[in-house]
Amino acid sequence: MIETLANPLAARDHARSMAGTVVEAMPVIPPAADDLPAGVSTADLLWEETVAPGGYATRRLSRGSRLRLIDVNGDACASLMVFNAEMPTERLNVADTVKVQWNAYLGAGKLLLSDMGRALMTLVEDQAETHDTFCGTSNSATNAAKYGDGSNSGAYPNGRDRLILGAAKHGLTRRDVHPCVNLFKGARIEADGAITPLVGPYDAGRSLTLRAEMDVIIVIANCPHVIDPRPDYTVTPLRLTAWRGPVTPEDDIYRNATPEGLRAFQNVEDYHRR
């Protein structure tokens, strides 16, 4: 096979012969899914992709879009960054997300807030309830210390470098990679200040759905949680599905749930009046 593929024409023919081959972790083009929520048409699909263990994914989504994440086998860890797609200097601010909502534990109804006080996304459904706003993601040093290698091209890629790769697809650089939230893998702060990891493994198929309140850039890395106590590099595939949806109405339950949240939505609405 190596000798054959050394010939460019043979390599071309081999590549073309792979058309239609289904690979577990890759985007589906055009997007297709047979498990969409009631009322969602396949014509509304925007994105369908499975992110491999140690992989990453990124997409620009318009205001009103829904993004469903599924922990396929119960051991995914989705490190998520969010940017205002029109002005990426505005991005997810984890500290404000926690502080403004008086709660560090994400769940249904919680908002992902920007550093401009606007709601970037809303967590509208959550079957997992094990998320983390404290720890951030792994880096090359943490993975090298734990697994012996943390390089992008090695066997144990780290979350930060994967997020850098995703951000780069939108013209962003290392300096734009900001603190993330970790979805599906949680952390609890004990009374003495100790951090207890909540990393599973969990039941397969847990899902959550985010609603975009602005045009956003999503970047996701699927790497082991930075304080996962297990010695092996343990992470399983993550499935992403996005579809078009309506802009959040004024009578939305989550928009009006708290005065702080309402102000974050009003800030979004003011932004879109300009």
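Are Glu-269 and Arg-255 buried or exposed? Hold that thought for a moment, everyone.

First, the ground rules. This is a predicted model, where local features need pLDDT of at least 70, side-chain atom pairs count only at pLDDT 80 or more, and totals for chains, interfaces and linings use all residues. Residues are numbered from 1 along each chain as its sequence is written, and side-chain values use heavy atoms, with hydrogens and water left out.

Let's start with the sheet. Four strands form an open, antiparallel sheet in the order β2-β11-β4-β7; strands here are DSSP E runs of at least two residues, helices are H or I runs of at least four, numbered from the N terminus, and two strands pair if DSSP finds at least two bridges between them. β2 (55-61) and β7 (181-183) are the edge strands with a single partner each, so one side of each has no neighbour in the sheet. Between β2 and β11 (residues 216-222) there are seven bridges, and Thr-58 has Val-219 of β11 as its bridge partner.

Helix α5 (residues 159-168) packs on this sheet, touching β2, β4 (78-84) and β11, where contact means heavy atoms within 4.5 Å. Seven of the ten residues in α5 are buried, among them Leu-163 and Ile-164. For us, buried is under 20% relative accessible area, exposed is over 50%, and partly exposed lies in between, using a 1.4 Å probe and protein chains only. The cover over those buried residues includes α4 (140-147) as well as β2, β4 and β11.

Now, the salt bridges. We count a side-chain nitrogen of Lys or Arg within 4 Å of a carboxyl oxygen of Asp or Glu, and that gives 16 of them. In one, Asp-35 meets Arg-239, with the closest N and O atoms 2.7 Å apart. That pair spans 204 residues, from the loop between α2 (8-17) and β1 (45-51) to strand β12 (residues 238-243). Asp-35 is partly exposed at 31%, while Arg-239 is buried at 16%.

Back to my opening pair. Glu-269 and Arg-255 form a salt bridge at 2.9 Å, N to O. Glu-269 sits in helix α6 (residues 259-273), and Arg-255 in the loop between β12 and α6. And the answer: both are buried. Elsewhere, shared partners join Asp-35, Glu-48, Arg-68 and Arg-239 into one salt-bridge network.

Thanks, all!

Conventions:
Axes fitted to C-alpha atoms, helices over the stretch in contact; angles between N-to-C directions.
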